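Subject: Structure handover

Hello,

I am passing this structure on to you. Please open it and keep it on screen while you read my notes.

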Amino acid sequence: MSLFKKKKKETEVTEEEVSKVQEHTEEPEKEAETKEDNKEEKEPQKEIIIREKVDEGDFYDSPEISEEELLNYNPDDEEDVDSVRKRKRENPKKKTVRNAIIISAVALVLLVVSVFFIFGGGYSFSNAMTNIENWFMGTDAGDGYPVGLTGSGADKMGFFSENGNAYVLTDSSFTAVSLSGEEIFSHRHNCSAPGISYSNGNFLIYDMGNTSYTVGSGSDNVDKFTSINNINAADISKSGKYAVFTQSQDYSSELLVYNKNDELIFTYKYAENYPVAAAVSPDGKKVCAVTINENVGELYSVLAVFNLDDTEPQAQYVSTGNFITELYWEGGTLFALGNTSAISCDSYNNFVEYKFEGSTVTAADYKDNKLFVSVSDYNYQGSCVLYIFDGSASSVRTIESSERIEDISVYGGKISLFIKKNIHCYDLNTLKETSKGSAAYDTVSIAMANDTGVYTLGVTEINYVPLTYIEESNE
């Protein structure tokens, strides 16, 4: 019995000791936690630099976050520490982008001012922006110039420029090329003697002396047609309406006008005179036709203006001894050009004829309701006079040249004259030469690309010639 009681007593003592040991163990842990809290409160506050790892495996310092922002940080706020850090990182980037935009804008303004200062008031704003875009961004896709012709040759009458692009009609195709030398479109034709009329993106290719013709706009919309009679002339206007002037089997000539849907809307038949030229007004409400005949061995031309709603001409004008071959009608005035004179007709059908002092027309161009004609007293060489008709044959200015003017091209407030393989560019306001350039030996025609450059047509290629500015003399 004594032995059992003794063991039981020892067991009880042991449990008490265990309980005391646990109490002593818990107290140091609480004290340690208390000390740790006190240590964090007493420990001096330090600036924290957060480092992030980048793709290359290096580290960089993130934007500094102030002590105040860290101490005032509330997890319940919408913007956390990462957002603060991201915002601080983005602020310098935004400032950099904003500064770059401001600098670029200032540079662009200075460049525009410089261009206008150098080239003068005749330099068009739209053309300035085009050139600036080319200088900054480069040109479109294209291999530059020269650009080879598609076909075996081209005539100067089928070479021109529009909206900065070059257009050329060869013996096999009609092609448009951009300022960078990129082909915009190329339409093949089967004409043996091709002629072209172009206006505001609309074109009409016809086979002179035959029956086929093609009407199109841009690079996709192209329709081919066959006339009953042989075509002597054709024209298409800004409105999309077009005229086909044929030599009829039953009559001397027949004038046909179609709308933009290729529907016949007007017909006029001539009993005697022969067809030479036709033109549709820009608004598509009128058409003009030129016919020729002779009286006692003397040739004469007849201009007839029709309203498409009437069956007879509104007005007619006879020019004796003048063989009219060209009609221009892109503005408010109709211009007719013959070998001895130029004729204008206003909207009230008032005709004015201006007879040239010389007998030979060497070159001509038409732009912005102005007609430009160079005339020489000599058949093949010698001095020339350039006539500038501004809206009427009664309003004329002249530029004299000691050499023969072989071709003319106009763009904006500038006119370029092709003389002895050189290009001379004049300001249309002052009639003073402002720039010049040199063309290749085989150049046969020119077409101004813009205020500072000219396309040239050679035997096998189109080239681009930049013009060099001529400084004004102080004398």
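First, the ground rules. This is a predicted model, where local features need pLDDT of at least 70, side-chain atom pairs count only at pLDDT 80 or more, and totals for chains, interfaces and linings use all residues. Residues are numbered from 1 along each chain as its sequence is written, and side-chain values use heavy atoms, with hydrogens and water left out.

The sheet

Four strands make an open, antiparallel sheet in the order E3-E34-E33-E32. Strands (E, at least two residues) are DSSP runs, numbered from the N terminus. Two strands pair if DSSP finds at least two bridges between them. Strand E3 (147–148) and strand E32 (445–450) are at the edges with a single partner strand each, so one side of each has no neighbour in the sheet. Strands E33 (453–457) and E34 (461–466) run antiparallel and are joined by five bridges. Tyr455 sits opposite Tyr464 in E34.

The cavity

The structure has two cavities of 30 Å³ or more. A cavity is a set of points, on a 1 Å grid over the protein atoms alone, where a 1.4 Å probe fits but cannot get out; lining residues have an atom within 4 Å of a point. The volume is the space filled by probe spheres set on the points. The second largest cavity holds about 50 Å³. Its lining includes Ala440, Asp442, Thr456 and Glu461. E33 and E34 each supply at least two of the lining residues.

Ser178

Ser178 lies in the loop between strand E6 (173–177) and strand E7 (183–188). Its relative accessibility is 5%, so Ser178 counts as buried (under 20% relative accessible area, 1.4 Å probe, protein chains only). Leaving out residues up to four places away in sequence, Ser178 touches Tyr145, Asn165, Ile184 and Tyr455. Contact here means heavy atoms within 4.5 Å.

Ser383

Ser383 is in the loop between strand E25 (370–376) and strand E26 (384–390). Ser383 has 36% relative accessibility and counts as partly exposed (between 20% and 50%). Ser402 is 19 residues away from Ser383 in sequence, yet their C-alpha atoms are 4.3 Å apart. Beyond its neighbours within four places in sequence, Ser383 has contacts that include Val375, Tyr378, Ser402 and Glu403.

Best wishes

Conventions. On a 1 Å grid over the protein atoms alone, a cavity is a set of points where a 1.4 Å probe fits but cannot get out, and a pocket is an open set with protein on both sides within 12 Å along at least five of seven lines; lining residues have an atom within 4 Å of a point.
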